[in-house]
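Subject: Structure handover

Dear colleague,

Here is the structure you asked for, with the sequence. My notes follow below it.

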Amino acid sequence: MTGILITSILALAFIVIFQIAKASEYVSVLKGEEKAFQQSNRINAFLFLSFLVLGLVGAWWCNKLFYGKTLFVQPAASDHGEKIDNMLWLTLAVTGLVFFITQILLFWFAYKYQYSEKRKAHFFAHSNKLELIWTVVPAIFLTVLVGLGLYYWFGITGPAPKDAQLVEITGKQFNWLMRYPGKDGVLGRKNYRLTDASNGNALGVDWEDGSSHDDIESTEMHLVVGKPVQLVINAQDVIHDVGLVHFRMKMDAVPGIPTTMWFTPKYTTAQMKEITGNKDFVYEISCDQMCGSGHYSMRGIVIVETQEEYDRWISGIKPQYKTVMEAKAPAASPAADTLKSVSMPPAAKPLAQNLTVK
Amino acid sequence: MSTEITQHSHAATLQTESHGHHEGDHGHHHEESFISKYVFSQDHKMIAKQFLITGMIWGVIGGLFSVLFRLQLGYPDMTFPILEDMFGKWAAGGRISNEFYYALVTMHGTILVFFVLTAGLSGTFANFLIPLQVGARDMASPFLNMLSYWFFFLASVIMFASLFLQTGPASGGWTIYPPLSALGQASEGSKLGMDFWLVSMAMFIVSSLLGGLNYITTILNMRTKGMSMTRMPLTIWAIFFTAVLGVLSFPVLLSGAILLLFDRNLGTSFYLSEIVVKGEILPNEGGSAILFQHLFWFLGHPEVYIILMPALGMVSEILSVNSRKPIFGYLAMVGSLFAIAILAFLVWAHHMFVTGLNPFLGAFFVLLTLLIAVPSAIKVFNWLTTIWRGNLRFTPAMLFAMGFVSLFISGGLTGIFLGNSTLDIHLHDTYFVVAHFHIVMGVASMFGMFAGVYHWYPKMYGRYMNNTLAYIHFWVSLAGAYLIFWPMHYFGLAGMPRRYTDWSNWQSFNMFADANRAISTVAMVVFAVQLLFIFNFFYSIWKGRKVTTQNPWGANTLEWTAPIRPGHGNWPGDIPEVHRWAYDYGKDGREFIPQTEAVSDSESKH
């Protein structure tokens with residue numbers, strides 16, 4: 001019923017607008033085309049000027065409404081993010097200046113040089129001097145932007161510091177899995193054919209590799225404040241993207257091609273709660289590459305904390321290898337031995353065979 | 001001097017001959033059947049109209065899709081039972097399902113980018129304007145030209161059919177990145193819908209190549225006597241570069257699409273490696289998902305210039321005609337088009353800064369991308385100088401041309417943010433990108449297309465469109481474009497990701513619900529006003545005010561020397577000869593001097 005009502009109202013509006021439009025055409029014929037043209041020309045010229053004024057007011061109003069909701073009002077949570085913010089402000093200043101100058105000229109000219117019987121258009125076909133000016137001046141500004149941009153870019157994408165904490169993050173439809181290297185600082189080898197989520201090996205870790213035995217898996221990313229972190233980024237099914245909006249960082253997760261990025265978190269989650277005045281503040285990982293119907297819900301959590309808090313957290317988690325082996329042989333519980341043995345533990349054999357058959 | 005005269009007269013004979021030949025070929029003009037005149041027509045003007053009207057139908061479909069998904073974004077908590085009546089399981093309970101949302105977004109992008117702004121824009125104006133403005137009776141190969149439309153039609157049918165598949169049309173975004181688009185297990189839209197998408201695009205590419213080769217050949221070989229390259233209107237220059245871009249880059253997309261078809265159906269591993277999807281371990285190893293992105297963007301980036309450049313050309317022409325002034329810096333305008341065309345091939349990887357691309361390689365793409373700002377700046381300043389001290393007539397076409405310049409500035413400047421890899425890390429795939437490309441490529445090119453339609457409508461149909469409706473169309477569209485996309489820059493600066501159906505579960509992105517509602521409302525109004533334009537278009541074909549003079553805008557270019565309703569062959573007698581460039585407006589106190597008028601001795605030089 002409401003559908004019919006809305007449709008008929010719309011249709012009525014259409015008819016009214018159309019009738020007015022048609023009538024105005026008849027009027028213009030009666031009044032004389034020239035006179036009607038001059039009148040509508042004046043109206044349109046005035047509208048251009050109004051659009052400029054309203055547009056500037058609107059831009060100011062929009063800024064008032066939304067500025068506080070952007071990331072401009074909170075500091076970047078990583079050292080790289082600070083560089084990115086600097087670059088953002090510089091670019092904003094340069095482009096903002098050009099924006100206002102050119103838009104004001106455009107709409108002002110529209111009003112100022114509107115048709116008049118008295119005016120003769122000024123024949124002005126080219127001027128090498130002018131054209132040289134607006135080739136060279138933008139080129140100089142762009143050189144500055146490119147120069148600074150690339151300086152930051154190489155800093156951000158350059159090699160991670162030697163002492164960086166290593167964290168592996170893997171995306172799959174539609175969540176994130178983290179892996180930490182444990183005491184040895186090395187992440188165990190993986191083979192995607194070993195992936196078996198129902199048997200505790202969601203990441204396809206090769207348990208034959210001894211360095212995998214102390215690796216810790218988690219669905220949360222824990223980082224230490226002030227300590228550089230290097231992420232090793234993987235995807236299992238389709239392309240995802242690790243978006244860390246507060247750190248201003250982003251990197252795709254591509255199946256078959258591991259990627260990396262590094263940064264240094266500057267504030268703990270607790271500190272950010274104070275800075276933003278939002279007690280619910282949490283660092284979020286958003287998937288920023290279209291990955292299927294659940295793309296919008298692919299959310300992860302980063303917790304930035306002090307070294308002590310981190311140590312407490314990580315020591316409370318059992319290495320994944322241990323968990324899997326205990327599940328395989330719950331009665332014997334030989335975990336302490338197999339943890340140290342580099343060779344294939346007997347318990348893992350059926351698991352591997354099982355997978356290869358599949 | 002004497003040799004020149006002989007050459008000229010020789011050329012004249014040739015032309016008369018070809019003219020006579022032509023008349024012989026088509027002596028049966030008057031008995032042309034409905035089929036050969038309106039359906040399988042080989043007349044470039046009819047083919048242009050076919051492209052335009054097909055493009056408009058697609059425009060309505062693509063626009064309607066955006067209204068549908070804006071319902072979800074603007075009113076995430078509301079239900080619309082009517083949607084369930086219309087779309088069944090896709091909108092169960094009156095809410096747009098996630099699969100449906102992504103299908104709508106994907107088809108909106110595909111339709112608008114390829115079917116409306118490539119075929120509808122280039123197809124229409126290249127076909128309509130090239131022969132009329134260079135002084136030719138038709139395209140170099142009218143038959144290939146006809147095929148070009150019918151391949152486009154075939155592509156349209158296949159794409160349209162995909163909307164009705166049980167598993168839905170493609171839904172992985174218009175960029176169809178594999179593995180998502182390669183694996184039916186990963187998404188409903190990657191089942192049969194994706195095959196339809198790929199086959200449809202293959203047909204589309206064939207259409208585009210047939211058209212493009214024809215455009216290039218006609219511009220290079222069939223210009224009338226005196227129409228040297230540097231006397232061509234800027235529309236033709238723009239279309240020429242557009243066609244070159246298309247011919248060189250579309251085949252790369254075709255290869256990318258075919259490899260994807262192989263991966264999907266023949267078990268190859270071009271793009272697939274080490275994949276576990278929904279617990280299933282796939283055997284594919286050694287492929288590269290990034291390879292597809294290189295192939296895609298090698299077309300995809302030139303594609304945005306394929307969309308934009310015809311608009312750049314038409315806007316230059318329309319601004320000059322309605323300012324009653326020559327276009328400022330003609331050669332710089334041609335040069336900047338050329339620079340943009342060259343650079344268009346060298347910047348594709350700026351879409352891939354965060355894919356793990358080698359940062360050193362990325363640096364070159366930053367440099368080349370930001371270089372595009374220089375020719376773009378030249379164009380903007382030249383347009384501003386063109387209207388400066390002009391005598392501006394705000395015809396509907398002129399309004400849209402002015403709107404185009406404003407949007408081109410707004411959207412172009414945000415490109416300087418995104419082309420800078422440092423900022424792209426932060427802004428990539430946020431709403432900042434959505435705002436940027438919708439303004440500069442979407443709305444701006446659309447404005448260029450509207451400007452072209454309003455300006456050449458009298459030539460197409462011998463009637464005018466209604467001015468009052470056109471003014472409403474313009475002012476609502478311009479205000480609407482800024483109201484919709486301006487706030488999205490702020491969304492992007494808050495880091496809000498694009499292609500999300502719902503942000504309410506996010507702590508970082510849940511604060512723009514009000515703004516989204518406002519945007520959705522404006523989007524519906526703007527869409528309704530486009531329907532007004534379409535109504536105006538079709539109504540005026542039969543009922544519009546009749547054109548009574550051959551040259552209603554007082555323009556210099558050749559199409560206005562043809563009869564009000566030109567037949568197949570365009571000029572009844574000899575093809576006019578050209579003596580000057582197309583922009584002698586306001587010269588020596590004269591309002592305008594058509595290209596066909598010989599240069600007199602008393603004329604001032606410029």
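How many residues of chain A are in contact with chain B, and how many of chain B with chain A? In this predicted model, 100 residues of chain A touch 104 residues of chain B. Helix 4 of chain A gives the most, with 16 residues. By residue type, the side of chain A that touches chain B divides into 51 nonpolar, 32 polar and 17 charged.

Helix 4 of chain A and its partner in chain B

Helix 4 of chain A packs against helix 12 (residues 373-387) of chain B, with the two axes 9 Å apart and an angle of about 140° between them. Angles over 145 degrees would count as roughly antiparallel, so this pair is classed as oblique. The crossing of helix 4 of chain A with helix 12 of chain B is right-handed.

If you want to display the contact, select Leu130(A), Glu131(A), Trp134(A), Thr135(A), Pro138(A), Ala139(A) and Leu142(A) on helix 4 of chain A.

Chain A overall

Chain A holds nine helices and 10 strands. Its radius of gyration is 31 Å, whereas a compact globule of 358 residues would have one near 21 Å. Along the principal axes, the C-alpha atoms of chain A fill a box of roughly 105 × 60 × 40 Å. Of the 358 residues in chain A, 38% count as buried. Counting contacts in chain A between residues at least 6 apart in sequence, 68% join residues that are at least 24 apart.

Backbone points to check

Most residues other than glycine have a negative phi, and most peptide bonds are trans. The places below depart from that pattern, and I list them chain by chain.

In chain A, the peptide bond between Gln173(A) and Phe174(A) is cis, with omega about -5°. Phe174(A) sits in the loop between strand 1 (165-172) and strand 2 (175-180) of chain A.

In chain B, a cis peptide bond joins Pro178(B) and Pro179(B), with omega about 5°. Pro179(B) lies in the loop between helix 6 (142-162) and helix 7 (192-221) of chain B. Ile176(B) is also in the loop between helix 6 and helix 7 of chain B, and has a positive phi of about 35° although it is not a glycine.

Is Ile176(B) buried or exposed? A residue is buried if 20 or more other C-beta atoms lie within 10 Å of its own; Ile176(B) has 26 C-beta neighbours inside 10 Å, so it counts as buried.

Lys278(B) likewise is not a glycine and has a positive phi, of about 50°. Lys278(B) is placed in the loop between strand 1 (276-277) and strand 2 (280-281) of chain B. With 11 other C-beta atoms within 10 Å, Lys278(B) is exposed.

Regards

Note on methods:
Residues are numbered from 1 along each chain as its sequence is written. Chains are lettered from A and ligands numbered from 1 in the order in which they are written. This is a predicted model: local features need pLDDT of at least 70, side-chain atom pairs count only at pLDDT 80 or more; totals for chains, interfaces and linings use all residues. Helices (H or I, at least four residues) and strands (E, at least two) are DSSP runs, numbered from the N terminus. The radius of gyration is taken over C-alpha atoms; the globule rule is 2.2 Å times the number of residues to the power 0.38. A residue is buried if 20 or more other C-beta atoms lie within 10 Å of its own, exposed if 12 or fewer, and partly exposed in between; C-beta atoms are placed from the backbone. Two residues are in contact if their C-beta atoms, placed from the backbone, lie within 7 Å. Ala, Val, Leu, Ile, Met, Phe, Trp, Tyr, Cys and Pro count as nonpolar, Asp, Glu, Lys and Arg as charged, and the others, Gly among them, as polar. Axes are lines fitted to C-alpha atoms, for helices over the stretch in contact, and angles run from 0 to 180 degrees between N-to-C directions. Angles under 35 degrees count as roughly parallel, over 145 as roughly antiparallel, 65 to 115 as roughly perpendicular and the rest as oblique. A crossing is left-handed if the near helix is turned anticlockwise from the far one by less than a right angle, and right-handed if clockwise.
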